[in-house]
Each structure stands twice: as C-alpha cells, then as structure tokens.
Amino acid sequence: MDLHEYQGKQILEQHGVSVPLGVTTEDTEGIIDSINNLINQSGSETVAIKAQIQAGGRGKGGGIQIANGAEDAIGKARSLLGSTLITPQTGSEGETVHRVLIEQNMYYAGENPVEEFYISILMDRITGTNIIMYSREGGVEIEKVAAETPEKIFKEWINPSVGIQHFQSRKIAFNLGLSGEAFKSMTRFIISLFKAYEAIDASLIEINPVIKTSDNKIFAADAKVKIDDSALYKHPEIASYNEITASDPLEAEAAKYGLNFVKLTGNVGCMVNGAGLAMATMDMIKLAGGNPANFLDVGGKANPETIEAGFLLIAKSSNVSLILVNIFGGIVRCDRIAEGIANACKSMGSVNIPIIVRLQGTNANEGRQILENAGLKVISADTLQDASDAVQQVLKR
C-alpha cells in the first residue's frame, strides 16, 4: 500500500524521524491560525504548499509552491485543491488534488548552506537482506543519477539477524561528506529511519531529499512510504489510511472487497482468477488488438458478492467497451462467478457493453446455466483461443 507524503511523515515522526512542521487540509477554511502558528514555530515567513498526490514530479507540474505568509499560503492552497495536476508520472489525464500539505520551508537562508541528499531503504531480493541506498545527489531524479553516474550511489546492506549497527550509520554519514553536528544528526536520522522501516513492515521508504538545514539539522523533506500489503493486518491504524490513500477511487473501493484491482487505460475490462492467468489474459487481449482496461484478480475465495462488486467496478470505467471474464475454476466455483455476474447485471438495469465469458473447471456447466437462465446476452468461449477470437471480432465491429 502506497502512502501519501503527509501520512508517511506522520508515521515516521512517531518513530523518531525528524520531519518538518506541517498542516494538512482538504479545505482552506479556518486554518489561518494553524498556518500562523506554523510560521511562528518555524521562524520563517515562507512555507511550502505541497499537493498530496502519489505521482512523482510534483514540482515540475506546479504541485509544490512557496508562499510568503499565511494569506499567500491559503491562496496557493486554494488554487491547488480540486485542480488536476499533470506531472511526468501521471500521464496526460493527471491526478486530482484532494489535499495539500502546508509545511515549514526548510530552505530559508542561514549561516551554513542547505544541502540535499537521497536515502532509501528496501529489500535486496538477490541477497535476501535489507539495503540502504544513499547519495549526495538528492533532490534530483535518482534514476538519472544511477544511469549516468552510478558511482555516486552508495549501498549499505543490513544483516537481518542483527539489524542496523552504529558503525553503519556513521559510515553513511561519512560518505555523505558530513562532519560535526550534521554528522551526529545524520547518524541518528539513519538509525531512526531504519527502525521505522522494520517496525511498520515497509517494503520501501524513500526520502528525496533529505535536508541538512543551515543549522546542521537533518530532516525528511519528502517521504515515499510503501507498506507490505501482507503485513497490514498487524497495523490496523495504517490499514485505515487505505481509502484516502488510493489515487484512484475504483482501486480504493476494490480494496474494501479484498480485490486485487489496478486501473489501466485500455478498452477491454478483465475479470480473472489467479495473477498468472490474469497476466496471460492481458497479453491475449493485446494480441487480439485490444488494450487491457484493468488488472483484476478475484482470487480463490471469491463469492457472488465480491464478483458482483468487481464486475461493477469494471463497468464503471468510462473507457471500457468490452468485458472479458476468464475463469478457471479450481478453488473458486464457476457457479459463484456466474451468480455474481448475473447480480451485477441485474443491479445495473441494462448492460450495453458486450460481455465475453469463459468458464472452465469446477461447476462450469452450472455457471453457464445460471447466465442463460438470467437472460444475459453473453458471448460464450470454451478455450483461450475462442476468447481471443471473440475479443477480436467484437473490437472490429
């Protein structure tokens, strides 16, 4: 599960990681006192206004702005809220800004220069250990740094049986070129960040940039935090973020039903059981001349209610011109799939989208009979080739 920046920072702060002072809002009414308090505490009249979307490149899309004083901050926040932000990672459709973070400006001038670093923690699947990646090239596209100047990226592997050691945090601070109070502050920052990573079962924590302020303190100026979905049952307080975290409302709704749903930009909606079959089905759609509109794995515990919910999610996508249901009934029963489809079509009243259904395996005949008795005009397919041919024929109409 991906978290918004403000959510990630809230969690990191709880684990001792230094983050800037900030106020999050969905509505600019009544927050002037909070902004003034923020300005008074930070000691700087300027604040950063940051759109809370999960796509990167917000600064390039105008999603990060500097305001001078509370009134200017409210004006800039108001202009961002409800707007569609287009960044290099959102595509041409962009993402709607529902929240903004009004935050202490970490770049105000002081006796010493402000410096930016890059730090991330993730699993190295080759060695089976966690790894800290870091660089002095913070605040820029780290992928470009890795491709053009890989020698500027350092790596520190952490033995899972003993965890991070103090000599490793000191090594990181030294490689980042720090000394004195900044060196000490960075070692504490690294230790706290790694302990937070382990405590919340994160799959990734990326801080870009990590800021060394003019008074030699270290802060997480940004925060990209991903939580292992399989560990969310241990963190109900983090799991509760899911509905307001998903960048797409359909994905948030799917999560309520335990469905693995990812919205795409194609024209053929897919309902499949099993991730492998889902990927193969998406390849098949491409070969048949279409483009998948979503990834949807209903899993082995699907029941009529979850199938109905999943089918309705697909039908809600405005770009879908065809729905393909491709089910191999092993654990999941085909009659349950059919019952869910029939219920969804009934609740929709009328279905103007062509539906191709392939049911094979447990209770496949019963499932086909349920669809027939419901009076649904579906295109039946027995084999994958039949389904592919049907997709091709419908798209040619």
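A polar contact is a pair of N or O atoms within 3.5 Å; within protein, one of the two must be able to donate a hydrogen and the other to accept it. In this predicted model, the side chain of R358 reaches the backbone oxygen of D382 at 3.2 Å, which places the pair within that 3.5 Å limit.

R358 is found in strand β17, residues 355–361. With a relative accessible area of 12%, R358 is buried, because buried means under 20%. Besides the approach to the backbone oxygen of D382, the side chain of R358 has a polar contact of 2.8 Å with the side chain of N326. Leaving aside neighbours within four places in sequence, R358 is in contact with V325, N326 and I327, and also with A381, D382, T383 and L384. The C-alpha atoms of R358 and A381 are separated by 4.7 Å, although the two residues are 23 residues apart along the chain.

N326 belongs to strand β16, residues 322–329. N326 is buried, with a relative accessible area of 0%.

Four strands form an open sheet in the order β1-β6-β2-β3, and the pairing is antiparallel. β1 and β3 (64–68) stand at the edges with a single partner strand each, so one side of each is left without a neighbour in the sheet. On average, neighbouring strands of this sheet are turned by 25 degrees against each other, direction ignored. β2 and β3 pair in the antiparallel sense over five bridges. The bridge partner of I49 in β3 is Q65.

Helix α1 (residues 5–14) lies across β1, β2 and β6 and runs at about 50 degrees to β6. Helix α2 also lies across β1, β2 and β6, and runs at about 30 degrees to β6.

**Helix α2**

Which residues of helix α2 (residues 32–42) are buried? They are I35, L38, I39 and S42. Seen down the axis of α2, the buried residues fall within an arc of 95 degrees, so they line one face of the helix. What covers them includes β1 (22–25), β2 (46–51), α3 (70–80) and β6 (100–104). On the other side of α2, D33, N40 and Q41 are exposed. The helix is followed by G43, whose phi is positive, near 80 degrees.

**Aromatic pairs**

A pair of aromatic rings is described by the distance of the centres and the angle of the planes. The structure holds two aromatic pairs. In one of them, the ring centres of Y134 and F154 are 5.3 Å apart and the planes stand at 20 degrees, so the pair is stacked. The pair links distant parts of the chain: Y134 is in strand β8 (residues 129–135) and F154 in strand β9 (residues 153–158), 20 residues apart. Y134 is buried, with a relative accessible area of 0%, whereas F154 is partly exposed at 29%.

V145 is found in helix α4, residues 142–148. At 9% relative accessibility, V145 counts as buried. Leaving aside neighbours within four places in sequence, V145 is in contact with E137, V140, P150, K152 and I153. The C-alpha atoms of V145 and S135, 10 residues apart along the chain, are separated by 9.1 Å.

Is S179 buried or exposed? S179 has 56% relative accessibility and counts as exposed, because exposed means over 50%. S179 lies in the loop between α5 (166–175) and α6 (180–199). From the C-alpha atom of S179 to that of N216 the separation is 9.4 Å, with the two residues 37 residues apart along the chain.

**Accessibility of individual residues**

The table lists the residues discussed above by relative accessible area.

| Residue | Relative accessible area | Class |
|---|---|---|
| Y134 | 0% | buried |
| N326 | 0% | buried |
| V145 | 9% | buried |
| R358 | 12% | buried |
| F154 | 29% | partly exposed |
| S179 | 56% | exposed |

Note on methods:
Residues are numbered from 1 along each chain as its sequence is written. This is a predicted model: local features need pLDDT of at least 70, side-chain atom pairs count only at pLDDT 80 or more; totals for chains, interfaces and linings use all residues. Side-chain values use heavy atoms; hydrogens and water are left out. Helices (H or I, at least four residues) and strands (E, at least two) are DSSP runs, numbered from the N terminus. Buried means under 20% relative accessible area, exposed over 50%, partly exposed in between (1.4 Å probe, protein chains only). Contact means heavy atoms within 4.5 Å. The arc is that of the directions from the helix axis to the C-beta atoms. Rings of Phe, Tyr and Trp (its six-membered ring) pair if their centres lie within 6.5 Å; planes under 30 degrees apart count as stacked, over 60 as edge-to-face and the rest as tilted. Two strands pair if DSSP finds at least two bridges between them. Axes are lines fitted to C-alpha atoms, for helices over the stretch in contact, and angles run from 0 to 180 degrees between N-to-C directions.
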